[in-house]
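Biologist: Could you put the structure up? I would like to go through its charged contacts and then a pocket.

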Amino acid sequence: HLCPLPTPPKGVDGDASVHDRVLWALHISGLDDLLKFLASSPAEQQWALHVLEIISLMFRDQSPEELAALGQGQAAAEHREDTRELEELRQRELAERRGRALQRPSRRRRRWGRAHVHVHGTTRKGVNLAAPVPLQLKSYSHDLGKEPRRVPRRRQAA
């Protein structure tokens with residue numbers, strides 16, 4: 001127990017008091033976890049009143065209303081911050097998935113932009129084509145896209 005000073009020392013605004021520094025040292029050393037264990041353990045009931053007195057002295061400068069409001073405000077702010085961070089992570093993951101899907105080749109790459117056309121030729125069955133549809137089917141030829149046969153010079157027409 002630290003007695004409050006009759007005249008608080010003049011320091012910077014928000015400077016920690018001696019009481020606050022002692023509480024921080026207890027927290028850093030892990031003594032607060034030990035006090036929580038002693039308070040909650042049924043085997044250590046002999047220390048319950050001592051722990052209760054220590055806890056009451058730890059909170060001597062705070063009012064219950066301030067402590068309750070502080071906990072709710074922080075919880076709501078932390079909840080909003082966590083929600084915002086999760087939404088950012090979700091959006092980033094969706095963007096990565098879209099990017100990976102665009103980079104991945106499809107299985108039937110050669111058929112994009114092609115149509116299947118049934119062309120009747122000289123045979124009974126006709127031909128099914130997976131080729132770009134010509135503007136006019138009547139002008140379609142099976143020789144489209146093929147190189148013409150080379151004719152030897154001596155057989156060429158004059």
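Modeller: Here is a predicted model. Start with Glu81 and Arg84, which form a salt bridge.

Biologist: How far apart are the closest N and O atoms of Glu81 and Arg84?

Modeller: Both residues sit in helix H4, residues 64-103, three residues apart. That spacing separates Glu81 and Arg84 by about one helical turn. Their closest N and O atoms lie at a distance of 2.4 Å.

Biologist: Is Glu81 buried, partly exposed or exposed?

Modeller: Buried means under 20% relative accessible area, and exposed means over 50%. Glu81 has 34% relative accessibility, so this residue counts as partly exposed.
Arg84 has 39% relative accessibility, so Arg84 also counts as partly exposed.

Biologist: What is the N to O distance in the salt bridge of Arg97 and Glu93?

Modeller: Arg97 and Glu93 both lie in helix H4, four residues apart, about one turn of the helix. Arg97 is partly exposed at 48% relative accessible area. Glu93 is partly exposed at 41%. The N to O distance between their side chains is 3.0 Å.

Biologist: Which residues do salt bridges with shared partners join into one network?

Modeller: Arg84 has a salt bridge with Glu81. The shared partners make one network of Glu81, Arg84 and Glu88.

Biologist: How many salt bridges does the count come to?

Modeller: The pairs described above are among them, including Arg97 with Glu93. The count comes to five.

Biologist: Now the second largest pocket. Which helix supplies the largest share of its lining?

Modeller: The pocket has a volume of about 230 Å³. Helix H1 (18-29), helix H2 (31-40) and helix H3 (48-58) each supply at least two lining residues. The largest share is five residues, and the helix supplying them is H1.

Biologist: How many residues in the lining of the second largest pocket are nonpolar?

Modeller: The lining includes Leu23, Trp24, Ile55, Met58 and Phe59. Asp20, His27 and Lys36 are also among the lining residues. One residue of the lining is polar and three are charged. The nonpolar residues number seven.

Note on methods
Residues numbered from 1 in each chain as written. Predicted model: local features only at pLDDT ≥ 70, side-chain atom pairs only at ≥ 80, totals over all residues. Heavy atoms only, no water. 1 Å grid on protein atoms, 1.4 Å probe; cavity = no way out; pocket = protein on both sides within 12 Å on 5 of 7 lines; lining within 4 Å. Points joined across faces, edges and corners; volume = space filled by probe spheres on them. Nonpolar A, V, L, I, M, F, W, Y, C, P; charged D, E, K, R; others polar. Salt bridge = Lys/Arg side-chain N within 4 Å of Asp/Glu carboxyl O. Buried < 20%, exposed > 50% of the residue type's maximum accessible area, 1.4 Å probe, protein only.
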